[in-house]
Amino acid sequence: MKTHFYKTQIKWIGNCGTGTSDYKSYSRDHEILADGKTDFIPASSDPSFRGDPSRYNPEELFLASLSSCHMLWYLHLCAVNGIAVLDYSDSAEGTMQENSDGSGQFSAVTLQPKVRISDLTLIKKALALHHEANQKCFIANSCNFPVSHQPEVTA
């Protein structure tokens, strides 16, 4: 078995002068960085938790990770199965339950990939590969809730 190691950095940039002296005194703004990457991802908390709505929040980044991992597996599976994908987009949606103590967890995610392929006769196979991509996706396999799919494939 291979082991892969990943490393990212978080830099909080939300000290408004008094640090976290109280719940409303600081910004939730931070930057997500990784070694060797040229840019950072501007992030904050969800606006429901006093975050900046113009920045990505952890929940959105989690959905993007699921969507991206599924897409990359799907494209790979199409390539090795002789299906030429011409266009791919996804609109991921997730539901998070907030508990009375302030904690929470995702309870469901639905990916809605829209795929355009070159060969009309391969649409059925292209649709079926979404199931296999879900089974292989590293991120989906790490979740304790269902990741469902509502794919659309056209030629």
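## Close-up views of a predicted model

**View 1. Helix α2 and its buried residues.** The buried residues of α2 are Ile123, Ala126, Leu129, His130, Ala133 and Asn134. This model is predicted, so please keep that in mind for every view. Look around those residues and you will find their cover, which includes α1, β4 (85–89), β7, β8 (147–149) and β9 (152–154). Helix α2 itself has 14 residues and spans 20 Å from its first C-alpha to its last, close to the 20 Å expected at 1.5 Å a residue. Here is a handy rule for reading a helix: an α-helix has 3.6 residues a turn, so residues three or four places apart point the same way.

**View 2. The largest nonpolar core.** Twelve residues make up this core: Tyr74, Leu77, Cys78, Ile83, Tyr88, Val115, Ile117, Ile123, Ala126, Leu129, Ala133 and Val153. Two or more of them come from each of α1 (58–80), β7 (114–117) and α2 (123–136). Which element gives the most to this core? The answer is α2, with four residues. A second, separate core has eleven residues, including Leu63, Leu66, Phe106 and Val147. In soluble globular proteins, nonpolar side chains tend to be buried together.

**View 3. Ala140 in its loop.** Ala140 sits in the loop between α2 and β8. Is Ala140 buried or exposed? With a relative accessibility of 12%, Ala140 counts as buried. Its contacts, not counting residues up to four places away in sequence, are Leu66, Asn134 and Val147. Gly17 is 123 residues from Ala140 in sequence, and their C-alpha atoms are 40 Å apart in space.

View 4. Strands β5 and β6 (residues 104–111) run antiparallel and are joined by six bridges. For an example of residues facing each other, find Gly94, which stands opposite Val109 in β6.

**View 5. The open sheet β1-β2-β3.** This open sheet also has its strands listed in order, β1-β2-β3, and the pairing is antiparallel. Its edge strands are β1 (9–12) and β3 (41–43). Three bridges pair β2 (residues 30–33) with β3 in the antiparallel sense. Within that pairing, Ile32 has Ile41 in β3 as its bridge partner.

**View 6. Salt bridges.** How many salt bridges does the structure hold? There are three. Asp29 and Arg55 meet through their side chains at 3.5 Å, N to O. Asp29 lies in the loop between β1 and β2 and Arg55 in the loop between β3 and α1, so this pair ties together parts that are 26 residues apart in sequence. Asp52 forms a salt bridge with Arg55 too, with the closest N and O atoms 3.9 Å apart. Elsewhere, the side chains of Lys114 and Glu152 meet at 3.8 Å, N to O, joining strand β7 to strand β9 across 38 residues of sequence.

Technical notes:
Residues numbered from 1 in each chain as written. Predicted model: local features only at pLDDT ≥ 70, side-chain atom pairs only at ≥ 80, totals over all residues. Heavy atoms only, no water. Core = buried A, V, L, I, M, F, W, Y, C linked by side-chain atoms within 4.5 Å. Buried < 20%, exposed > 50% of the residue type's maximum accessible area, 1.4 Å probe, protein only. Expected span 1.5 Å × (residues − 1). Contact = heavy atoms within 4.5 Å. Pairing = 2+ DSSP bridges. Salt bridge = Lys/Arg side-chain N within 4 Å of Asp/Glu carboxyl O.
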